[in-house]
Amino acid sequence: MKLYNLPHSPYAARVRIQIRLQNLPVEVLAPPVPLRTDAFMQRFPLGKVPVLELDSGETIAESWAIMEYLAEVNAGNGGEGGRALVPADALERAQMRMLGRYADLHLAVNALFPLFRAAMGAAGETASIAQGLRGELAKGERLLASFGEGERPLHLGDVALAPTLLYLHELSPLVGIDDPLDEYPRLAAWWAWVNSVAPVREVLHEVRIAYHAFIEGLSAKA
Ligand SMILES: N[C@@H](CCC(=O)N[C@@H](CS)C(=O)NCC(=O)O)C(=O)O
């Protein structure tokens, strides 16, 4: 299998984390045709990265669909030495999906995208972006509290959320917030926990470096 990847993409990063955690036989490559071209759209209908290409030539887009597919076809422990990332219990699986949807439908839409637009130079109301960010982080704090105390194994929801939080750390200083998790102890403890897992920490580090290179590339062009 092949994963078409962009080094700074938080969505591709999720899948790269999973590949490493589960030790999956997936080759990570740049897209074979340039993004935002007809050729790309023809080959990959949704027009976004990441895309997983199977050995049969079928393609799967959308990071969550890719992660669930990889988890299903590697049910159990993943590749040799890998770990299961989908809980056996139905409630815990629902919580895993809630965390993933919180990352995509709440935190990204209402906090990360406005911050990205600000980073790209769009005029935006700093105070309202900061307020939106705090509101979404407060949701995450309550969501984690609703899951209860106690240790649990890492799951796909954690893998999905981690790159989003990395970007929030990178971008929140733009709106005057140096440490976005300062007032959210559960999220801060969760962040420390996921970063204690080497494949998570290593991929996040790669994304941070790639993001800085991407931004420097943009400002060199400007
Ligand atoms: N919901 C999609 C989002 C994918 C996405 O937005 N990918 C960005 C990179 S982070 C992309 O392909 N951008 C290229 C473009 O929009 O032309 C997922 O979860 O995979």
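A salt bridge, as the term is used here, is a side-chain nitrogen of Lys or Arg within 4 Å of a carboxyl oxygen of Asp or Glu. Arg14 and Asp104 form such a pair, their closest N and O atoms being 2.5 Å apart. Because Arg14 lies in helix H1 (residues 10–22) and Asp104 in helix H4, the pair ties together parts that are 90 residues apart in sequence. Helices (H or I, at least four residues) and strands (E, at least two) are DSSP runs, numbered from the N terminus.

The structure is a predicted model, in which local features need pLDDT of at least 70 and side-chain atom pairs count only at pLDDT 80 or more, while totals for chains, interfaces and linings use all residues. Residues are numbered from 1 along each chain as its sequence is written, and side-chain values use heavy atoms, with hydrogens and water left out.

Arg14 is buried, with a relative accessible area of 1%, whereas Asp104, at 23% relative accessibility, counts as partly exposed.

A search of the whole structure finds nine salt bridges. Another of them joins the side chains of Arg43 and Glu53, at 3.2 Å from N to O. This pair links distant parts of the chain, since Arg43 is in helix H2 and Glu53 in strand E3, 10 residues apart. Arg43 counts as partly exposed at 38% relative accessibility, while Glu53 is buried, with a relative accessible area of 11%. Arg208 counts as partly exposed, at 27% relative accessibility.

Of the 16 residues of H6, 14 are buried, so the helix is largely enclosed by the rest of the structure.

The ligand comes next. The residues around the ligand are Ser9, Pro10, Tyr11, Leu35, Arg36, Lys48, Val49, Pro50, Glu62 and Ser63, each having a heavy atom within 4 Å of it. A polar side-chain atom of Arg36 lies 2.5 Å from an oxygen atom of the ligand, and an N or O atom in the side chain of Lys48 is 2.8 Å from a ligand oxygen atom. Glu62 instead places a polar side-chain atom 2.8 Å from a nitrogen atom of the ligand. Taken alone the ligand exposes 510 Å², and the protein buries 80% of that, the areas coming from the Shrake-Rupley method with a 1.4 Å probe (for residues, only the protein chains shown count as cover).

Most residues other than glycine have a negative phi, and most peptide bonds are trans. Arg36, in the loop between strand E2 (27–29) and H2, has a positive phi near 60 degrees, and it counts as exposed at 82% relative accessibility. Glu62, found in the loop between strand E4 (59–61) and H3, has a positive phi of about 75 degrees although it is not a glycine. A cis peptide bond joins Val49 and Pro50, with omega about 15 degrees, and Pro50 lies in the loop between helix H2 (38–43) and strand E3 (51–53).

Finally, Asn74 lies in the loop between helix H3 (63–73) and helix H4 (90–119). Asn74 is buried, with a relative accessible area of 15%, and a polar atom of its side chain lies 2.7 Å from the backbone oxygen of Leu70.

Definitions and conventions:
A polar contact is a pair of N or O atoms within 3.5 Å; within protein, one must be able to donate a hydrogen and the other to accept it, and residues adjacent in sequence count only if both atoms are side-chain atoms. Buried means under 20% relative accessible area, exposed over 50%, partly exposed in between (1.4 Å probe, protein chains only).
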